[in-house]
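The sequence and structure come next.

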Amino acid sequence: MSTENEGTSVPPAPSAPPVPVDAPATPAPPAPGPAPSAPQGAGYDTVKQGAAPGGSGAPGEQHGAQSTPGAPAEQYGAQGAPGAHAGEGAPATGGSAPVGDWPPPPPAVPAYASGGGAGGADGTAWGSSYQQPQPKKGGRRGGLVAGIIAAALVAGVVGGGVGYWAAERNDDGGSGSTTVSASSPADVKRDPGTVAGVAAKAMPSTVTIEAEGNNGEGGTGTGFVYDKEGHILTNNHVVAEAVDGGKLSATFSNGKKYDAEVIGHAQGYDVAVIKLKNAPNNLMPLTLGNSDKVAVGDSTIAIGAPFGLSNTVTTGIISAKDRPVASSDGSSGSKASYMSALQTDASINPGNSGGPLLDGNGNVIGINSAIQSASSGGLGGSGQSGSIGLGFAIPINQANMVAQQLIKTGQPVYPVIGATVSMDENTSGATITEQGAGGSAAVTPNGPAAKAGLKSGDTITKLDDTVVDSGPTLIGQIWTHKPGDTVKLTYTRDGKEHTVDVTLGERKGDSN
């Protein structure tokens, strides 16, 4: 337990460890003659009233501070040494010597010092005078120690001199400051794999798109350089207003703005290709990655113009793959687009649409297209909500296939099974309806599904190894393939499961 003394005088500490005594010792007589005043600067401390002269705090009684000769007793931890209390071999004094008395009276001699008290069993006195032992023969060890000490002293002097010289050399004005200046921003080199490195490389190839219809309505989106001929890849819903004679422009990160025109658009895929008018000859297309090789947890970087804020970079990860998404712009005449999307938590907002979703190496793995809207509770709702960490991108493998079709023919080509399925979202599968659009047959005569033996009422539950839980999921999975591909469909009829191979057909252009 710590104790604190405030203003209590503490007697001097004994000069040897405490030993039991039989009788108190006789104090030595004071030295004769006048007491000279202590010379200034002679290395002696006068003892003030209430101080503990020369004593260090007792173990267990210090309170975080060492006792200092001449310090006031109010300082915590200024306890006397053990055994220095009255009644334990040293008589308590009524105070310290007055200031200016010299020399001070010698302390009382305890009984265990030389010449006092009883001795041990052999008649010798406890604590008899210390005798310097005779040096042993062969003083090599002492010489070695002395040599080491001398070498250490020389090294210390040399080291101190070098240190002093170095300090003098580095002294820039006597302030003692040793601050370190950072290199200028032009000297900072960022590795290609860092976010800053990826953004610096991709930003010059990303554009902000402004589309305006004949009615004056329009919006802002994003796109990126697809090839050196001036083609820009983006979303269909970004340029939809300008498809029929509207105004379209693309602005690069350096501020240069170019007029553009729509080359082709696919409403079902939500992919569009535009081309710059008077395109510069130094275009740098972004490198396309392989979206099939993407893994959940991979790093993602999104670049776009959220709410019109061009050249915005956000980061995240791939949260999920093959996420079935049906999206639209929320307008009354809008038709849904379907994708088996890459889900990411990179911040995506309105205006990011059409921009690149990059991997950690800067390769495009998707086109940012849709977000989960918290305000409307659905995908692509009318509410202008912000990112809640649920963004969806069209896999670049699919978008690239569509872009090549649009550049070549100007219209999309869709793989189909030749059957109409219910768009109701449920967990049992995609059920073939009783009738198709406009009262037509739900299963196209002589089409792929009819050739495979599928009928109205059949419920498709798998496409290859992918579970199908609804109509939108089936369409999104089919559209990841090309016409002519053969897929394996698992379906149920009358409670029994069947599996059949279906060769996909094709449909050109967007349906009316």
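Leu 358 is in contact (heavy atoms within 4.5 Å) with Val 198, Ala 202, Leu 286, Ser 299, Thr 300, Ile 301, Ile 303, Asn 363, Val 364 and Ile 365, leaving aside its neighbours within four places in sequence. The model is predicted: local features need pLDDT of at least 70 and side-chain atom pairs pLDDT 80 or more, while totals for chains, interfaces and linings use all residues. Residues are numbered from 1 along each chain as its sequence is written, and side-chain values use heavy atoms, without hydrogens and water.

A nonpolar core is a set of buried Ala, Val, Leu, Ile, Met, Phe, Trp, Tyr and Cys residues joined through side-chain atoms within 4.5 Å; buried means under 20% relative accessible area, exposed over 50%, partly exposed in between (1.4 Å probe, protein chains only). The largest such core has 51 residues, of which Leu 233, Val 271, Leu 358, Leu 474 and Leu 489 touch the most other members. Helix 4 gives the most to this core, five residues. Another core, of 17 residues, lies apart from it and includes Phe 252 and Ile 274.

Strand 1 (residues 206-212) pairs with strand 4 (residues 247-252) over six bridges, and Val 207 stands opposite Phe 252.

## Positive phi

Asn 446 has a phi near 65° and is exposed, at 62% relative accessible area. Asp 464, with phi near 55°, is partly exposed at 30%.

Technical notes
Pairing = 2+ DSSP bridges. Helix = DSSP H or I, 4+ residues; strand = E, 2+ residues; numbered from the N terminus.
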